[in-house]
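Here are a few friendly notes to read alongside the model. Please keep the structure open as you go through the points.

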Amino acid sequence: MKNFLITFIIIFIPVKSFGLIEVDITRGNLNPLPVAVSPLSIDEESRKNFENILKKKNIGSEISSIVENNLRISGLFNPLNKDAFLQEPDIANLKPRFEDWNLIKAQALITGKVSYVEEKLRVEFRLWDVLAGKEMMALAFTTVPNNWRRVGHIITDKVYERLTGEKGYFDTRIIYVAEEGPKTQRVKKLAIMDQDGANNKFLTLGNELVLTPRFNPTSQLVTYLSYFRNLPRVYLLDIETGTQEVVGDFPGMTFAPRFSPDGKKIIMSFAKDGNSEIYTMDLENRIVEKITNHPSIDTSPSYSPDGKFISFNSDRSGYQQIYIMKSDGSNVKRISFGKGIYGTPVWSPRGDLIAFTKLHKGKFYIGVMRTDGSGERLLTENFYQEAPSWSPNGRVLIFYRETKTDSSGKGFSAKLWSIDLTGYNERQVPTPTDGSDPSWSSLLSN
Amino acid sequence: MKLSKILKNGFLIVVACLALSACATSKKSTGQMQGDVYTGTDTVEYLASGVPDRVFFATNESVLTTASRETLRKQAAWLRKNSKITIVLEGHADERGTREYNLALGERRANAAKDYLMTYGISSDRISVLSYGKERPVDSGSNPLAWSKNRRSVTVKAN
């Protein structure tokens, strides 16, 4: 965990020309851009040093594999098979022979070099436009060797940003609930992992039920629901230090927590006498404010990125629907009017859309609508799925999906899935156990 | 002609079998549900002889049925006789709803039971409420009957 405190020293190497390749991420991409990720070259002495420290035979190839995998799961790129590469990594990094790369139909090429400098890992990499025969970007950075996986993610973020014009989402983590055991007695633990499923760690032991962890957008704090001592309450956990505390002093169940965009408040529901209302608590001065005031269920609050509005879930019309209000609780307005019931509204980090779960005619959907409720678009349909969480660039949603059991009640599983905002590129996110309630972190490196 | 007659008879027998089995299964499920409220006793435990521990709800509802009110009156009578006993009302929802909403719904169901017990003379000091949402189903099935068993408020002795 400590590693995340160590800053990366990034140096931009000036590039003379401007590239020509562009990737459009606003539409479903059925023709991913063919890209060649040449293994990062490494001198023999550096290779041996890193082998000693990291127990990896060739750290250059390892980092390249991370970049390659990230590009593949983005759905926008098609990393080409390395066996077809004609040029050696070290020479390609100096000056690629574009005809060779053109021959294998690569449109973009990533090359680079790793070296061991004063006990640190130094990486430089270059992005080339193969058709134009030009360098598009060059970057160098230095970090502690243990950060090697993050180096791969940062390279991917830079390449993604250069080619799509939007920030990446690869140097990020997912916090979620790891699940095991029979459906009637699930054991649940908080778990955290890199966005690609690597470095999975369990943060609680499974002694008490835990649900709905969410990242603070600005720090390493997490808020979640724990049934510690059979008192369901919202907790705050510092994932650097492991310290945790109850949020507020409520005489009943608190649940559905989320941070405000500045990370200074927690917004959540408090249930008492059969009525759930939305409250906020300021983490600095501990002042608690009641935001909603209605005898129906008001829950699943989520702030707009500017902090001025709150979307939430209420059954005041008789069934679960999505509402928005000003952050002081005024101007409550229902925005979901389609057929079926709607839950779990989550405001996009770009501010223009709200992602939701919808139940209609026995099927569950993950969808998005504009913040006034117009333009509803359903991205995926299944037996059961819910709880979308946005990637920090607002281009991908992660959620969980549960399977239908057979007639003997067997065959239950819960898995994490992601899908692009376009409705394409649906894929399972690998976890060592079953998983649910995923929450995506902000970019760690800016 | 003869062959077709045999086939025809055979067909009729098959149809009859299908009708019977369909009848048997549908009878079984309607026998345990009224509307979509569970009326069976498969999962019910007893706090004392003749005092069932749980009541069941319709989808998305927290209204007590006639049968639920009868069960709760029995519980209230038992609690009045055993004045030292304190209870936890555990509210639950089925798996066909979002997690956070179901936590609120479970709380609402348990409170419906609490309010009713209070009108029959049980002090709120003796009752606490705990919602599990959809986290603790009794039946792991993914079908209407299983869901009906899971939409419940269970009265549990706390001491």
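1. Two residues are in contact if their C-beta atoms, placed from the backbone, lie within 7 Å. By that rule, residues 24 or more positions apart make up 69% of the contacts in chain B with a separation of 6 or more.

2. Some housekeeping: residues are numbered from 1 along each chain as its sequence is written, and chains are lettered from A and ligands numbered from 1 in the order in which they are written. This is a predicted model, in which local features need pLDDT of at least 70, side-chain atom pairs count only at pLDDT 80 or more, and totals for chains, interfaces and linings use all residues.

3. Chain B has four helices and eight strands; helices (H or I, at least four residues) and strands (E, at least two) are DSSP runs, numbered from the N terminus. Of its 159 residues, 41% count as buried, meaning that 20 or more other C-beta atoms lie within 10 Å of a residue's own, again placed from the backbone.

4. In chain A, have a look at the open antiparallel sheet of four strands, ordered S19-S20-S21-S22. S19 (298-303) and S22 (333-334) of chain A are at the edges with a single partner strand each, so one side of each lacks a neighbour in the sheet. Helix H3 (residues 99-119) of chain B packs on this sheet, touching S19 and S20 of chain A.

5. Helix H2 (residues 59-74) of chain A has 16 residues. Its buried residues include Ile63(A), Val67(A) and Leu71(A). Just after H2(A), Gly75(A) adopts a positive phi of about 75°.

Note on methods:
Pairing = 2+ DSSP bridges. Axes fitted to C-alpha atoms, helices over the stretch in contact; angles between N-to-C directions. Expected span 1.5 Å × (residues − 1). Buried ≥ 20, exposed ≤ 12 C-beta atoms within 10 Å, placed from the backbone.
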